[in-house]
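Subject: Handing over a structure

Hello,

Please find the structure below. My notes on what was found in it follow.

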Amino acid sequence: LQMLSSLRSSSTLSSSVRGLLTASSAAAKPRHDVEGRAPPPLNQLSEHELALRDTVKRFSHDVIKPLVRSMDDTSTMHEAVIKGTFANGFMGIEVPEKYQGPESSFFDAVIVIEELAKIDPSVSVFVDVQNTLVAPLIFTLGTEEQKQKYLPRICHDWIGAFCLSEAGSGSDAFALKTTAKKDGDDFVINGSKLWITNAGHASFFLVFANAEPEKGYRGITCFLVDRNAEGVSVGKKEDKLGIRASSTCPVNFDGVRVPKSAILGEYGKGYKYAIECLNAGRIGIGAQMIGLAQGCFDAAIPFMQERKQFGSRLIDFQGMAFQVSEVGMEIEAARMLVYNAARMKEAGLSFVKEAAMAKLYSSIVASKTTSKCVEWLGGVGFTKEFPVEKFYRDAKIGTIYEGTSNIQLNTIAKLIDAEYKNKA
Amino acid sequence: VGMRVLVGVKRVVDYAVKVRVRPDKTGVITEGVQHSMNPFDEIALEEAVKLKEKKSATEVVAFSMGGPKCQEVLRTALAKGADKAIHVEIPDADASKLEPLHVARALRKIIENDKFDAVFLGKQAIDDDANQTGSLLAGMLDWPQALYASKVEPDGKSLKVTREIDGGLDTIKVTLPAILSADLRLNEPRYATLPNIMKAKKKPLEKKTAKDLGIDLTPQTKVVEVSEPPVRQAGGFVDDVPTLIAKLKEKGFIKA
């Protein structure tokens, strides 16, 4: 009897294992081996990627680092930092050469976002929005005229802002109330957007407004609106817990008239574009979070090696060392999720689940890392003299913007459910 | 008018790294350690690129000699404005035994085959602090040398160079072709911007071997031992000047 039952359980085990294997390979394409060699580890970067990372490191250290504290205190982004991001080619990274862009890869954007976050997560998000939301929407959906107008400027001096959220619609994005009423060949936009990153510096906005509210979300359309258009006003910037140098403001549209040519992509497809570009945006935030965690960790460990209590270095106490191990491991795991999601995107594979996981996990890790670092540094960790308290405050937004953690959990669950359904 | 400048760039352990001595005391640990372009070489390269931007130079060629990873530094040089790069590749095992004399020999061969008006180098590498390559090369080629430059001005077929020396500043004029070594305050090197990193991929990088150049790489020196400097001894506090004097006398630093 015992043998029979064990046989039966082993066959159900093998069928469920088979299920696991086929489910996970559902989205994967076969790997193309290069010259018969195994693919390199995820953390091995190409020569060019190393050169770029080095440039970002130097820029962050030379230009941004001395200004971090004052930018945080005054909630402003220094002119030298903004100019530097454009001058070094960090803005519009994937924009084709035809439009005066560097025509580089998505992974390069990840590198830039991660490195900047090690010094200042505010500057990191500033560059992230431009590269993962603003520029891609325009170069994938724009008409030739729109691309000629915006793309070169995106690489040189114009900052774009992504206007989706409102007072009444955050996670429930499609419940937005901003309308775009057709009037002849124009549309008139009325409404208020809230929590808009980069709004203080933006020269133009990508505005999601509903042109046919009766159709629900299928009326949502994306409009390109210039800051100097009549009726556009940017409200007072928020006084935030973290990423304070990043401007977060309300943006009001009071009878703003735009021509039909201001529509980006197709009429009524705005909802689709918002969802799709936020997938890439999630990898960007993941990059910001792993950079933030690493930067904080890099500030904390040397302190724990220097500081002694009871005759031993802090890091030598087993209790402390075990915490350090755990945090170090989680940062490494988060980085692998972010890097792999980015590489999957570049390989043309479906990456929605992996992007959601990367953002969710790395924001959790960033919160935990920074919290631990403050504790490890004790009293000094609690003061502004050391950088860890700022990283602690900056980390929190990771679990909130570009899709809250609960939304990510929802998304991942739905995808897993679908994966297994396909194999039932 | 319109110089062709050859710029030497060396891949060294990054200045920010805390170097540690190998357990066998044959040198410092270089595996898995951050490397970058020698800071003085960055300054030399920047000066050459600036001259090209001012139309005083027509071409800037970057040169490096060492193991395969030298390519990283050459790509950075291309991204910072060099037009092409030459890599004299030495197997990693031999690269650690390279001396300024060998580099000077290689540079001389390159120059013999290809006309250059000036060679810009960093004044010294931050790993060996040798400060020899420039002078050795000048001797081999019988060219004038302007070392520790803090200011460079083209002057017809010459260069007017202000040098930082122990006594202050020394301004000389050297007729081209000449050797120049860059000191810290000569300029502030630019960053390799992303668009330039992308453009650098299309610029030519030529590879040569020591055999191609027909040079001898036999080491002239042998490293006997590398060890850490003695640990700094703790000091002490004294209450007043007479006690300080007494202590100094006691320790033999001033005559009793």
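In chain B, the mean positions of the 41 positive and 37 negative charges are 3 Å apart. Lys and Arg count as positive here, Asp and Glu as negative, and His and the chain ends are not counted. Each charge is placed at NZ of Lys, CZ of Arg, CG of Asp or CD of Glu. For chain A, the mean positions of the 49 positive and 49 negative charges lie 4 Å apart.

**Ground rules**

This is a predicted model, in which local features need pLDDT of at least 70, side-chain atom pairs count only at pLDDT 80 or more, and totals for chains, interfaces and linings use all residues. Residues are numbered from 1 along each chain as its sequence is written, chains are lettered from A and ligands numbered from 1 in the order in which they are written, and side-chain values use heavy atoms, with hydrogens and water left out.

**Chain A**

Start with the secondary structure. Chain A has twelve helices and ten strands. Helices (H or I, at least four residues) and strands (E, at least two) are DSSP runs, numbered from the N terminus.

How does the radius of gyration of chain A agree with that of a compact globule? A compact globule of 424 residues would have a value near 22 Å, and chain A has 23 Å, so the two agree. The radius is taken over C-alpha atoms, and the globule rule is 2.2 Å times the number of residues to the power 0.38. Along its principal axes, the C-alpha trace of chain A spans about 75 × 65 × 45 Å.

Of the 424 residues in chain A, 50% count as buried. Buried means under 20% relative accessible area, exposed means over 50%, and partly exposed is in between (1.4 Å probe, protein chains only). Accessible areas come from the Shrake-Rupley method with a 1.4 Å probe; for residues, only the protein chains shown count as cover.

Now the contacts. A contact means heavy atoms within 4.5 Å. Take the contacts in chain A with a separation of 6 or more: residues 24 or more positions apart account for 74% of them.

"Domain: Acyl-CoA dehydrogenase/oxidase N-terminal" (unreviewed entry) is placed by UniProt at residues 46–155 of chain A. UniProt positions are given in the numbering used here, feature names are shortened, and annotations may be inferred rather than shown by experiment. Residues 46–155 of chain A are 74% helix and 0% strand, with end C-alpha atoms 24 Å apart. "Domain: Acyl-CoA dehydrogenase/oxidase C-terminal" (unreviewed entry) is listed by UniProt for residues 268–414 of chain A. That span is 78% helix and 3% strand, and its end C-alpha atoms are 25 Å apart.

A:S70 counts as partly exposed because its relative accessibility is 36%. A:S70 and A:R153 are 83 residues apart in sequence and 28 Å apart in space, C-alpha to C-alpha.

**Chain B**

Chain B comes to eight helices and eleven strands. Its C-alpha atoms fill a box of roughly 70 × 45 × 40 Å along the principal axes. Of its 256 residues, 42% count as buried. Chain B exposes about 14300 Å², with 52% supplied by carbon and sulfur atoms.

UniProt places "domain: Electron transfer flavoprotein alpha/beta-subunit N-terminal" (unreviewed entry) at residues 25–217 of chain B. Those residues are 33% helix and 32% strand.

**Residues to click on in chain B**

- B:E206 is in strand β11 (residues 205–209) of chain B. Its C-alpha atom is separated by 6.1 Å from that of B:A85, 121 residues apart along the chain. Not counting residues up to four places away in sequence, B:E206 touches B:K84, B:A85, B:I86 and B:H87.
- B:K25 has a positive phi of about 60° although it is not a glycine. B:K25 sits in the loop between β2 (11–13) and β3 (35–37) of chain B.
- B:Y148 also has a positive phi of about 60° and is not a glycine. B:Y148 is found in strand β7 (residues 145–155) of chain B.
- B:L176 and B:P177 are joined by a cis peptide bond, with omega about 0°. B:P177 lies in the loop between β9 (168–175) and β10 (178–182) of chain B.

Best wishes
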